[in-house]
Amino acid sequence: MSLKYGLSKILIVDFGSQFTQLIARRIRELGVYSEIISHKKLKSKIDKKSIKGIILSGGPLNVYQSKKVKFNNVILKWGIPILGICFGHQVISKQLGGRVKQAKSREFGLATLKKLKNSDLTKKFFKKNSSNNVWMSHADEVTKLANGFKVIAKTETSKYSIVENLSKKFYGIQFHPEVTHTERGNIILKNFIFSICKIKRNWSSKNQKKILIQEIKKNVGNSKVICALSGGVDSSVVAKLIHNAIGKQLTCIFVNTGLLRKNEEIQVVKTFRRKFKINLIYVDAKKLFINKLKKITDPERKRKIIGNLFIKIFEKHSKKIKNVKFLAQGTLYPDLIESKSVTGSQTSKIKSHHNVGGLPKKMKLKLVEPLRLLFKDEVRKLGLELKLSKDIVLRHPFPGPGLAIRMPGEISESKIKILQEADHIFISLLIKHNLYKKIWQAYAALLPVKTVGVMGDNRTYEYMCSLRAITSEDGMTADFYYFSREFMQLVSNKIVNNIKGINRVVFDITSKPPSTIELE
């Protein structure tokens, strides 16, 4: 199931930029629905009536590599306003008779943008000194403007940083307004959407809930749905959303993999079976998962083993319920982007997600993934709209494979118990000291390294615990949260003094990129 709503929208044509999903998110934050489509799929039939504006994204390609870039310029004839960002700006120029070449001076990072002329695109964008800092990321540049275009702003090395063709309502910008590094960048997107495209606000959590429930009813009909419930934010929102749509047609299956957070299975049963009165099958599969993971150290093998076993258990229990045709999952947009390009463009695969990818054909269940094009913050807002408690909705993300990927190396029951206790102490202290809500994601990991320590007069030889706490807007990029020394000392002392098996605590200060949020 996709979110191909019949709403007025901004269509984003993706050329493989790492920021494409950020453009979509920024537009939705402004209260307007947006969809992303690969530049390779522009030949498909598209409902032009609902498209009020088009944004061409950046990308890793060069416009003069014609074999790799096959742009369908039919959209230039639709009479719809177009904004080209970075590579998109170069595409517009080349298609309309301008010239693009490799730049003599590449621009990566902040640059000073100077205003030359007024434009609807830049209303209230520039500061009083008529200059802003903007984020550049390009090695090519427009060297000759297409007919009908005027220069609105420039930088020291990019004289066509903002251009416009007023009669066609075509605009090109060499920098990235969607990233936070660009000063007042959101104003450019706001001007394009509301002043130029004349689109009205149509996107909110209340609106999402209504449309998603209608979509679920339409797609599912009278069939039954099994929901892969884990107790995390995503699957909890999916379960409540589908329950609101089809009621008793939904059965949630909660599989205790033995790789969950401390007491998580108790909380899930209490919340969904007792409070929400949702059909819930509880499967205790701890031993099955732990036995399958014995002596497995490769992270991708761990993910695949967990994913395959998870599906087998679903298959087994789905056979007990008649007329089941759908399996619900809490897949989010960033999951799809990291696992494979959701739009079919040149985005590289970073890692596999166990809830992303095709089901075995023998299972014969269709996927229901109502959150697949939503970002995490949108899911949280939707959860509150569905009357889920803040304890669930504001909970930090937790990976599908659970503690298996927070425990590099071999997995054992004893190591799982050690890690559960360490993680519980860390999270509890974050909550107690009012830090939990300031952090996007925090967790403890158990490293496959033992170190020598001294407790009292005795020598110890125990595991090293790594703590990770990051800040982020959508999980696509992240930086570490800076704790006070006093707090870190408190956490370290409590973990070491209360958990037999850990004698050393370290803190991970690596950003994403170059690292990922999880260890594996």
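Modeller: A residue is called buried under 20% relative accessible area, exposed over 50% and partly exposed in between (1.4 Å probe, protein chains only). The model is predicted, so local features are given at pLDDT of at least 70 and side-chain atom pairs at pLDDT 80 or more, while totals for chains, interfaces and linings use all residues. Residues are numbered from 1 along each chain as its sequence is written, and side-chain values use heavy atoms, without hydrogens and water.

Biologist: How many of the 14 residues of α5 are buried?

Modeller: Helices (H or I, at least four residues) and strands (E, at least two) are DSSP runs numbered from the N terminus. In helix α5, 13 of the 14 residues are buried, so the helix is largely enclosed by the rest of the structure.

Biologist: What distance does helix α5 reach from its first C-alpha to its last?

Modeller: The expected span is 1.5 Å times one less than the number of residues. Helix α5 covers residues 233-246 and reaches 20 Å, close to the 20 Å expected. After α5 comes Gly247, with a positive phi near 55 degrees.

Biologist: Which residues other than glycine have a positive phi?

Modeller: Arg184 is not a glycine, yet its phi is positive, at about 55 degrees. This residue belongs to the loop between β9 (170-173) and α3 (185-196). Arg184 counts as partly exposed because its relative accessibility is 38%. Lys295, also not a glycine, has a positive phi of about 65 degrees. The loop holding Lys295 runs between α7 (286-292) and α8 (299-318), and at 70% relative accessibility Lys295 counts as exposed.

Biologist: At what angle do the axes of helix α12 and helix α13 cross?

Modeller: Axes are lines fitted to C-alpha atoms, for helices over the stretch in contact, with angles from 0 to 180 degrees between N-to-C directions. Here the axes of α12 (residues 413-432) and α13 (residues 485-498) come within 10 Å and cross at roughly 150 degrees. On the α12 side the contact (heavy atoms within 4.5 Å) uses Ala422, Ile425, Phe426, Leu429 and Leu430. On the α13 side Phe487, Leu490, Val491, Lys494, Ile495 and Asn498 take part.

Biologist: Which residues of the largest nonpolar core touch the most other members?

Modeller: In soluble globular proteins, nonpolar side chains tend to be buried together. A nonpolar core is a set of buried Ala, Val, Leu, Ile, Met, Phe, Trp, Tyr and Cys residues joined through side-chain atoms within 4.5 Å. In the largest such core, of 52 residues, those touching the most other members are Val255, Phe426, Leu430, Phe483, Phe487 and Ile495. Helix α12 gives the most to this core, with nine residues. Apart from it lies another core of 40 residues, including Val225, Leu250, Val368 and Val393. Beyond its neighbours within four places in sequence, Phe487 is in contact with Phe426, Leu429, Leu430, His433 and Leu435.

Biologist: Where is Ala103 found, and which residues does Ala103 touch?

Modeller: Ala103 is part of strand β5 (residues 99-115) and counts as buried because its relative accessibility is 9%. Not counting residues up to four places away in sequence, Ala103 touches Ala139, Asp140 and Glu141. The C-alpha atoms of Ala103 and Thr157 are 8.8 Å apart, although 54 residues separate the two along the chain.

Biologist: Which bond from Lys512 is cis?

Modeller: The peptide bond from Lys512 to Pro513 is cis, with omega near -15 degrees. Another cis peptide bond joins Pro513 and Pro514, with omega about 15 degrees. Pro513 sits in the segment after β18 (502-507), and Pro514 is in the segment after β18 as well.
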